[in-house]
Structure formats: structure tokens, C-alpha cells
Amino acid sequence: MAAAARSPIEKSFDEMGRYQRRRRILLALLIGVFCALLIFGGSAHDELGHERIEGQYGVALILIGIGGRLWSILYIGDRKSAEVVATGPYSVMRNPLYFFSTVAAAGIGAQTGSVIVSVASAVLCAAAFYIVTLREERHLTTVLGAPYKDYLARVPRFFPNPRLFRDQAKVTFTPRVFNHTLRDGLMFLAAIPFFELIESGQESGVIPVLFWLY
């Protein structure tokens, strides 16, 4: 007996699953290459004490990014493809998880003591997430239909509009998803000792400085 034809929604889920797997692999490779390059970059701000100040700002951005991601996952849990979530952070922007990840990326870049690297980290992260959101929006439009189209028309994609904020009395979250997001957040914090270790290696001469970061 011939297999039953798959519905457009089933096909969309399959395509989205394959796309997400490829995206994770590519993102991991890009992060690896980026970090490998930064190993050999020295901060030109050391003598002015700017590196320490920028690193402190970076820690603050990383913590904001982690807190924002946890706040966001409390509202959406694993319901992203099941219903339109339009309260809490999702009432002011459609992709708060990506927004706060970009904030954390800027904080990671700031650990190098370079404003340029911090800004570049945020821009590259935002650009990557922009491409991802275009694909996700097509998928969610197919799955969720008119309610999601209305949500697209009302709420900005990436930059928050605080005037749209609305909340709900209580939320129900999935511990498994929350814990996974927490583990991801702790990986952002790992950037702090990582770059401290690089700096120590450069100061001792173990790691050569091939270029300077401003």
C-alpha cells in the first residue's frame, strides 16, 4: 500500500527540523573559528585600563543576556510551534531569545577588551539570527496560520517596543526546556575564564600576539 501523502504542516516540520540541525552545526563551526582567531589577538587598551572596564561591561551584558533568555523561556517553553505566545517578552518582540543571545554575544566580545570585537560579535550574531527568523516565520505561518500572521503584523521582529508589553497572571513552564536554556547560558559565562586564560598565556609569552584589537 502506498504511503499516505504528507500534509504541508508535516512537511514544514520535517524541513524545519533538518534546517535547525544544519544551523546548529554551522553556528558551532563559526563560533569555533571566531574564538580561534581571537586567541592570537591582543588588546591595545591594556595600558589605558580600558580592557578591565570593557570586561566589566561585558560581564553585565552576559548576565542580562542569560537572564533575558531564562525570562523568555519561562513564557514559551516548548510551545513555539504549538501556539502563538504573545505575553511577557513575546509581547514586545517576536524573538526575545535571539535578542538576548545577541546581547550576551556583545558581552562575550567585550571580554577581549575591544569595543570593535564587542560590536562585531553582536552584529554577526544578529545577522545570523535574522536569517534564521525568516525561515522560522515561514514555518510558523504554515503551522499556526492567521493568528500568527496577526502577531507578525503587530509585534516587531527583533527590536523591543516596551509600549506593547502585556503580561499574564501565571505561566506554566517545562523544566527540561528551562534547564537546557540555563546550561546554554552557563556557556556564555565560560567566555570569562576563557579569555582570562588567553590573556595570561599572552602575557607569559606562551601564546603569540599576531594582531591588536581596539
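Analyst: A helix here is a DSSP run of H or I of at least four residues, and helices are numbered from the N terminus. The model is predicted. By this numbering, Leu70 lies in the helix spanning residues 50-76, helix α2.

User: How many helices and strands make up the secondary structure of the protein chain?

Analyst: From the N terminus on, the elements run α-β-α-α-α-α-α-α-β. The secondary structure of the protein chain therefore comes to 7 helices and 2 strands.

User: What percentage of the residues in the protein chain is buried?

Analyst: A residue counts as buried when its relative accessible area is under 20%. The protein chain has 214 residues, and the buried share of them is 40%.

User: How much of the accessible surface of the protein chain belongs to carbon and sulfur atoms?

Analyst: The accessible surface of the protein chain comes to about 12500 Å². The share of this surface belonging to carbon and sulfur atoms is 67%.

User: What share of the contacts with a separation of 6 or more is between residues 24 or more positions apart?

Analyst: A contact means heavy atoms within 4.5 Å. Among the contacts of the protein chain with a separation of 6 or more, residues 24 or more positions apart account for 81%.

User: Is Leu70 buried or exposed?

Analyst: Leu70 has a relative accessibility of 17%. The cut-off for burial is under 20%. Leu70 therefore counts as buried.

User: Which residues is Leu70 in contact with, leaving aside its neighbours within four places in sequence?

Analyst: Thr181 is 111 residues from Leu70 along the chain, and the C-alpha atoms of the two are separated by 6.7 Å. Leaving aside neighbours within four places in sequence, the residues in contact with Leu70 are Phe178, Thr181 and Leu182.

User: Are α3 and α4 roughly parallel or roughly antiparallel to each other?

Analyst: The axes of helix α3 (residues 96-110) and helix α4 (residues 115-144) come within 7 Å and cross at roughly 155 degrees. Angles over 145 degrees count as roughly antiparallel. The two helices, α3 and α4, are therefore roughly antiparallel.

User: How many nonpolar, polar and charged residues form the contact of α3 with α4?

Analyst: In a right-handed crossing, α3 passes α4. Among the residues making the contact are Ala105, Ala106 and Gly109 of α3, and Ser118, Ala122 and Glu136 of α4. The residues of this contact divide into 10 nonpolar, 6 polar and 1 charged.

User: Which residues does Ser118 touch, not counting residues up to four places away in sequence?

Analyst: Ser118 is found in helix α4. At 12% relative accessibility, Ser118 counts as buried. Not counting residues up to four places away in sequence, Ser118 touches Ala106, Gly109 and Ala110.

User: Which residues does Val103 touch, not counting residues up to four places away in sequence?

Analyst: Val103 is placed in helix α3, and at 18% relative accessibility Val103 counts as buried. Beyond residues up to four places away in sequence, Val103 touches Leu61, Ile64 and Gly65.

User: Are α4 and α5 roughly parallel or oblique to each other?

Analyst: The axes of α4 and helix α5 (residues 146-154) come within 6 Å and cross at roughly 140 degrees. The range counted as roughly antiparallel begins over 145 degrees, and the roughly perpendicular range is 65 to 115 degrees. The pair α4 and α5 is therefore oblique.

User: How many nonpolar, polar and charged residues form the contact of α4 with α5?

Analyst: The contact is made by Glu137, Leu140, Thr141 and Leu144 of α4 and by Ala146, Pro147, Tyr148, Lys149 and Leu152 of α5. These residues divide into 6 nonpolar, 1 polar and 2 charged.

User: Are α6 and α7 roughly parallel or roughly antiparallel to each other?

Analyst: The axes of helix α6 (residues 175-189) and α7 come within 4 Å and cross at roughly 20 degrees. The contact is made by Met187, Phe188 and Leu189 of α6 and Ala191, Ile192 and Pro193 of α7, and its residues divide into 6 nonpolar, no polar and no charged. Angles under 35 degrees count as roughly parallel. Helices α6 and α7 are therefore roughly parallel.

User: What distance separates the C-alpha atoms of Val209 and Glu199?

Analyst: Val209 is in the loop between α7 (191-204) and β2 (211-213). At 34% relative accessibility, Val209 counts as partly exposed. Glu199 is 10 residues from Val209 along the chain, and their C-alpha atoms are separated by 9.9 Å.

Technical notes
Residues are numbered from 1 along each chain as its sequence is written. This is a predicted model: local features need pLDDT of at least 70, side-chain atom pairs count only at pLDDT 80 or more; totals for chains, interfaces and linings use all residues. Side-chain values use heavy atoms; hydrogens and water are left out. Buried means under 20% relative accessible area, exposed over 50%, partly exposed in between (1.4 Å probe, protein chains only). Accessible areas come from the Shrake-Rupley method with a 1.4 Å probe; for residues, only the protein chains shown count as cover. Axes are lines fitted to C-alpha atoms, for helices over the stretch in contact, and angles run from 0 to 180 degrees between N-to-C directions. A crossing is left-handed if the near helix is turned anticlockwise from the far one by less than a right angle, and right-handed if clockwise. Ala, Val, Leu, Ile, Met, Phe, Trp, Tyr, Cys and Pro count as nonpolar, Asp, Glu, Lys and Arg as charged, and the others, Gly among them, as polar.
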